Amino acid sequence: MINDINQQTMTKSVFLSILLWIFIYPLRVRAIESINFIHIGVNEGLSQNTVFDITQDKQGNMWFATYDGLNKYDGYDFTIYRHNESDPHSIGSVIVRACITDTQGRIWAGTEEGLSLYDTEQDRFHNFRYSKNKKTLAINGIIEINEKQLLLYTNQNENLLTFDTETHCFSDNPLHPSLLNILPTAIAKQDNHIYIGSYKGVFSYSISDKTLKSIMPDKLKGKQILSILQQSPILLWIGTEGHGLYKVNLQTQEITNYVNNPKNPNSISSNYIRSLTLDPQNRLWIGTLNSLSIYDEKHDSFNNHTSNIEISGSLSQTSIRDIFMDAHGGMWLGTYYGGLNYYHPLKNRFHNIQFTAKKNSLNCNTIGCIKEDAQKGIWIGTNNGGLNHYTPHTQQFTHYMREEGLMSNDIKDIYIDEANDLVYIGTHTGGLGILHRKSGQIEIFHNEEVKNIYDIEPAENGELWMTGMSMLVRFNPRNKTFQSINSQIDGQPLAEDQFTYFLRDSKRRLWIGGEKGLSVYTEKDNGLLNTMIIPENSPLNYKPINCIHEARNGIFWIGTRSGLFRFDENKKKPDNIPQHMDCLIMSYMEFWKTHRAIYG
């Protein structure tokens, strides 16, 4: 039983460590926006650290084209698809330079030995090769023209190919006769238009009209075009090799060239542009040879992010080969030899406060609970460092530990009584501590029954509900007495071992979770009465409960040791959220959106 409780406490501590990381950020405003990347490389299971292309399938898996096979990543593990000479259904080559997900959800990969189609049901590949002069052409770029046709880029010395996805036949017949004389260097698609970059400039092909037109030939001719992105119906971005970035107004024909100026830190980071992508805020991300540049439209300048081994969360490597925004707004950057870098826009709300070898620091990195007082001070209960108080405007910490009067440094819950300037401190094995903020003195209440206080919640009558392990008590602050609660006001017993965590919902009901599930009570006549909200056959009636939260839209989120449950009271049925990257991110996004007004 103790081991189970410790495991449950540890789970809650880890969860609250994440919450501290998330919600402390608004306390410290930074003058310059920073981006902290998560690095994913060979140590995490990626087959090779050169990532050429990125896509996402309809199940939420990420796919990465590398020098050593095609990688599938489900958020936990990598599956690596390499060429095997003895297996005709392995991917066509170990070197994979392109990958896309088409509108039907199929995964196509461009390799050194042609085109490969992933068979989801059989977990194998169908390979298609196009030979010229007795040599199989590599496929270095793929875009979908329509459901039946792909456009393929091989290299700058060859014309574009088309591929019929039904007959599996290649064709070197151009989309337009004028393309016969254009050796492409890049292809891109936006809605009805296909953009083709070459040394002769940039061309726009209309899929519906089958017409071709040249874009600013006098300005772009002779330059190697490596990336093209249409941001709006009138705005086109063009990245070059050595000539910087071009912004083209398709309506006015106005063109602006952005080049690096070593004396200006807000100029674009390099004149060698590899990749262009828009983020969820419609900002332009530019992958260059030297770093990541993000265009600041308001100031017509660039914020640059580079690699620095002394800065945690900086880019793993400077040469950005590809940038991809996933279905949930996460940004994936593939580098030349630094693997993957992942960033989500919500992460800029995060700031990590952790223990350092300084006196003015959080004194323990394992967090059990967090509360904010009326003065915007943050009270942080730790696993072995007692109670920490953080003052944001001075960035100072005050510590309350055994030396200051606590009986235990393992803090489980905090309740702030603003009216009386008191802080109630629930501990593991150390009972209840009451900090008198003006004097700094701590009162201790400890006996065999109340040695573990895991959660504290105000009662309707001005007293305090407290839980710990398998006990439920009510504390009278005026008399400083405890009363054990063993039954409901109708004489029915309370559920055993269900007293670990409280939630007071928007209807003033009391949700109590613990080792043997979840119960919901209303307060009446200074006691409790069970309300049958959760169906009798629900797994929430017997699964150990780690945490409970009510979102602003009335949905309840319940964390258990068997995963996350979403409970809609109107439907009377809890939904278990599967342990899969896609579903977890969806759940997190819904949770976040319902709390933006609070935490944003």
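Reply: Contact means heavy atoms within 4.5 Å. This is a predicted model, in which local features need pLDDT of at least 70, side-chain atom pairs count only at pLDDT 80 or more, and totals for chains, interfaces and linings use all residues. Residues are numbered from 1 along each chain as its sequence is written, and side-chain values use heavy atoms, with hydrogens and water left out.

Me: Which residues does S275 touch, not counting those up to four places away in sequence?
Reply: S275 is found in strand β24, residues 273-278. Strands (E, at least two residues) are DSSP runs, numbered from the N terminus. With that sequence limit, S275 touches S227, W285, I286, G287, R321, D322 and I323.

Me: Is S275 buried or exposed?
Reply: Buried means under 20% relative accessible area, exposed over 50%, partly exposed in between (1.4 Å probe, protein chains only). The relative accessible area of S275 is 4%, so S275 is buried.

Me: How far is the backbone nitrogen of I323 from a polar atom of the S275 side chain?
Reply: I323 is among the residues that S275 touches. The backbone nitrogen of I323 and a polar atom of the S275 side chain lie apart by 3.1 Å.

Me: How are the rings of F128 and F163 arranged?
Reply: Rings of Phe, Tyr and Trp (its six-membered ring) pair if their centres lie within 6.5 Å; planes under 30 degrees apart count as stacked, over 60 as edge-to-face and the rest as tilted. By this rule the count comes to 32 aromatic pairs. For F128 and F163, the centres are 5.2 Å apart and the planes stand at 50°, so the pair is tilted.

Me: How many residues apart in sequence are the parts this pair ties together?
Reply: F128 is buried at 11% relative accessible area, and F163 is buried at 0%. F128 lies in strand β9 (residues 124-128) and F163 in strand β14 (residues 161-164), so the pair ties together parts separated in sequence by 35 residues.

Me: Which aromatic cluster includes W332 and Y342?
Reply: The rings of W332 and Y342 have centres 4.5 Å apart and planes at 50°, so this pair is tilted. W332 is in strand β29 (residues 331-335) and Y342 in strand β30 (residues 340-343), ten residues apart. Both W332 and Y342 are buried. The cluster is formed by F64, Y73, F78, W332 and Y342.

Me: Where does Y67 lie, and is Y67 buried or partly exposed?
Reply: Y67 lies in the loop between β3 (62-66) and β4 (69-73). Its relative accessibility is 30%, so Y67 counts as partly exposed.

Definitions and conventions: Helices (H or I, at least four residues) and strands (E, at least two) are DSSP runs, numbered from the N terminus. A polar contact is a pair of N or O atoms within 3.5 Å; within protein, one must be able to donate a hydrogen and the other to accept it, and residues adjacent in sequence count only if both atoms are side-chain atoms.
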